[in-house]
Every structure is written in C-alpha cells, then in structure tokens.
Amino acid sequence: MKIRKLGVHGPEVSAVGLGCMGMSAFYGPTDEAQNLAVLDRALELGVTFLDTAEMYGPHTNEELLGRALRGRRDRVVLATKFGINWNADRTGLVIDGGAANVQRAVEGSLKRLGTDVIDLYYLHRVDPKTPIEETVGAMSRLVEAGKVRFLGLSEAAPATLRRAHAVHPITALQTEYSLWSRDPEGELFATCRELGIGFVPYSPLGRGFLSGEIRSIDDLAADDFRRTNPRFEGDNFQKNLDLVEAVKAIAGDRGVSAAQLALAWVLAQGEDLVPIPGTRRLRTLEENVAAADLVLSPEDLAQIEGVFPRNAAEGQRYASASMAALDG
C-alpha cells in the first residue's frame, strides 16, 4: 500500500483509507460479521486510515470499530467526527459546535472506540450559531489534554478554514469530492495547499454510483437514503448513469473497473488527497485498495475529463435540508 501524509505536519496514512459509515447507517441493513471481516481484510491489505463519526448509527459505528480494533488499535490512524446529530424524533439534524458539546462528545467517542486518544478529531459540520474560534479553541484543549492528536474540519468553506487554522493548526479537511462532486477545485484546494492542510475526499465514488453497479433505483434497499438523493432521483438517475457508462468504457480499455478508474482519478488530483471510499463487501474493498497502484497518464486524465467534465452531474449532491447544513 502506498503511503501519503495528511497535511504538512499530520500523520502518514495509507493512500486509500476506509470510510465506515455505511457499515452502520444510511445504506440499508448491514451484517456485523461481514463488516468485521471487511475491517480485518482492510488491515491485512495495509489500510491504516479509518473514518467514523458520532452520528453514524448514531454511536453504533464507533462501537463497531471499537470491537474491530481491540488489541490492534496502534495499527491505524483513527478519525471520528462530532457536531451534528439527529433531533429527538429523528426528523431533522441538530448542529452544535459549542464548547460544552465538544467536551461531551469526545468522552463518548473515546469510550465507544475503546481508546485513550483519537488520532484525528473533526468538526462534522460548522455550527453557524457558534464562532469557529470557540469550537476550535475547545477542540485544541483536547489536544492539550492528550485526548486528541490532530484536528480536522468537515465541509468548511475557505474563510472558515482560515479562521480555524489561526486558532490551532488544522491537519485535514474532509469534504465530498469525486468526478461528480468537484466544487472543492479552485479556492478550497488552494486554501488547503497554502495552509498545509491535507484533503480527505469522502464519497470519492459518488456514494457507489460511479462504480456502475447501481443500474436502477430498485438496486437500493427501501431504507437507503440514496433514494432521496437528488442525483439518484427521476431523470437525473439516467443522465448520471450515461456519464458513468462513458467512464466504464474507458476503464474497460484499461482492464480495470469503473470504480478503480474513478478512484485513481481522485488520487491523481494531488499527493495531498487521501480518499476514504466506503464498502461492506470484500471484493469492493480489494478493488478500491488496488486503485492506489493505478497510474493515470495525462492522456488518460484528458480522456476522462472529456466524457465527465466538471459540473456534468445532474442534481444537487444532497437534498435541500442537508445542503443547508453545509458551510458556505
């Protein structure tokens, strides 16, 4: 497994990490034995960067990782997130970046993960009611207390990132990025590189859509949240599938899968990017890991750009309520 560094002063991690959300939330029924087998295999393959969050479940994903890493915690860089959760009746989201919530959340995550220290602790969503200086100031005290090693933000705008970094060094920014979600290109990438902040693309395979294996909305479980994602709805689905088919054709010429080509494209955007594709299947995990060794030439990249240019995807990347929770 190739190694990359998270930011100028951050830890070294596997070039491809593992997003664990889908093992416990949002994508329909899961099987714990299968999830544990995937986590075992990930470590065998040299994956050293695992990502979870308090809200995944909520709580159950952190508990899963706590069980999976018992006795081998030192083999991974473990990232988790706080600051967004469901309201009491699970009808909406509550964002809380207040100092008191920082302290409350970290204690729960440490206990569920079965560890004394979290390697990378992210603010999951920026709280518009709380100055980012207050949130990051409280997070920095966790570093001083030895409960957290590095700090990160998720879905933060460039101006917010600068303000946060002025309080305490931010090691990584986690934001959706893939062939069909290219908003970070430009100012956000430039800001991260200026400040020496690593970039962690989540959903680098478009929530599985870029694999080409989702052919119909009926391929998704009844309670899979992607059924309400604009890019999976109505006419958008077929238009986006047509884009994926073009990528799939290029991948076929290279003798790789569409997912591997799409993931290699993300990796080719810079050595400071560490994508965290998620999966619950061993075969998919092994495919994703192998993508780290796929080198795309300038001609390959130009060909992919030709069939899937920026802003080609149809539909917003989240439903309106979730889009409103993004910093910007």
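This is a predicted model: local features need pLDDT of at least 70, side-chain atom pairs count only at pLDDT 80 or more; totals for chains, interfaces and linings use all residues.
How many nonpolar, polar and charged residues are there in the lining of the second largest pocket?

Let's begin with the overall picture. The protein chain has 328 residues, and its secondary structure comes to 11 helices and 11 strands. If you follow the C-alpha trace along its principal axes, you get a span of about 55 × 40 × 40 Å. Of the residues in the chain, 57% are buried.

Now back to the opening question. The lining of the second largest pocket has seven nonpolar residues, two polar ones and six charged ones. The volume of this pocket is about 240 Å³. It is lined by 15 residues, and the closest to the pocket centre are Glu155, Asp183, Leu188, Arg317 and Asp327.

Stay with Glu155, please, as its backbone deserves a look. Glu155 lies in the loop between β9 (148-154) and α5 (158-167), and its phi is near 55°, a positive value in a residue other than glycine. Is Glu155 buried or exposed? With a relative accessible area of 5%, under the 20% cut-off, Glu155 counts as buried.

Ser203 also has a positive phi, about 50°, without being a glycine. You will find Ser203 in the loop between β11 and α7, and Ser203 is buried, at 12% relative accessible area. For the peptide bonds, turn to the step from Gly57 to Pro58, which is cis with omega near -5°. Pro58 sits in the loop between β4 (49-51) and α2 (60-68). As a reminder, most residues other than glycine have a negative phi, and most peptide bonds are trans.

On to the aromatic rings. The whole structure holds 13 aromatic pairs. One of them joins Tyr27 and Phe225, a stacked pair at 5.9 Å centre to centre, with 10° between the planes. Where do these two residues sit in the chain? Tyr27 is in the loop between β3 (18-19) and α1 (32-44), while Phe225 is in the loop between β11 (198-202) and α7 (234-254). They are 198 residues apart, so this pair links distant parts of the chain.

The two partners fall into separate accessibility classes: Tyr27 is buried, with a relative accessible area of 15%, whereas Phe225, at 22%, counts as partly exposed.

Then there is the pair of Trp180 and Phe232. Why is this pair edge-to-face? The ring planes stand at 80°, which is over the 60 degrees needed, and the centres are 6.0 Å apart. Trp180 belongs to the loop between β10 (170-176) and α6 (187-195), and Phe232 to the loop between β11 and α7. These residues are 52 apart, and their pair also links distant parts of the chain. Both Trp180 and Phe232 are buried.

Phe26, Tyr27, Trp86 and Phe225 form one aromatic cluster. Tyr27 also has a charge over its ring: the charged end of Arg226 sits there, 4.2 Å from the ring centre. Elsewhere, Arg193 lies over the face of Phe189, at 5.0 Å from the ring centre.

Definitions and conventions
Residues are numbered from 1 along each chain as its sequence is written. Side-chain values use heavy atoms; hydrogens and water are left out. On a 1 Å grid over the protein atoms alone, a cavity is a set of points where a 1.4 Å probe fits but cannot get out, and a pocket is an open set with protein on both sides within 12 Å along at least five of seven lines; lining residues have an atom within 4 Å of a point. Grid points are joined across faces, edges and corners, and a volume is the space filled by probe spheres set on the points. Ala, Val, Leu, Ile, Met, Phe, Trp, Tyr, Cys and Pro count as nonpolar, Asp, Glu, Lys and Arg as charged, and the others, Gly among them, as polar. Rings of Phe, Tyr and Trp (its six-membered ring) pair if their centres lie within 6.5 Å; planes under 30 degrees apart count as stacked, over 60 as edge-to-face and the rest as tilted. Helices (H or I, at least four residues) and strands (E, at least two) are DSSP runs, numbered from the N terminus. Buried means under 20% relative accessible area, exposed over 50%, partly exposed in between (1.4 Å probe, protein chains only). A charge sits over a ring if NZ of Lys or CZ of Arg is within 6 Å of the ring centre and within 35 degrees of the ring normal. The radius of gyration is taken over C-alpha atoms; the globule rule is 2.2 Å times the number of residues to the power 0.38.
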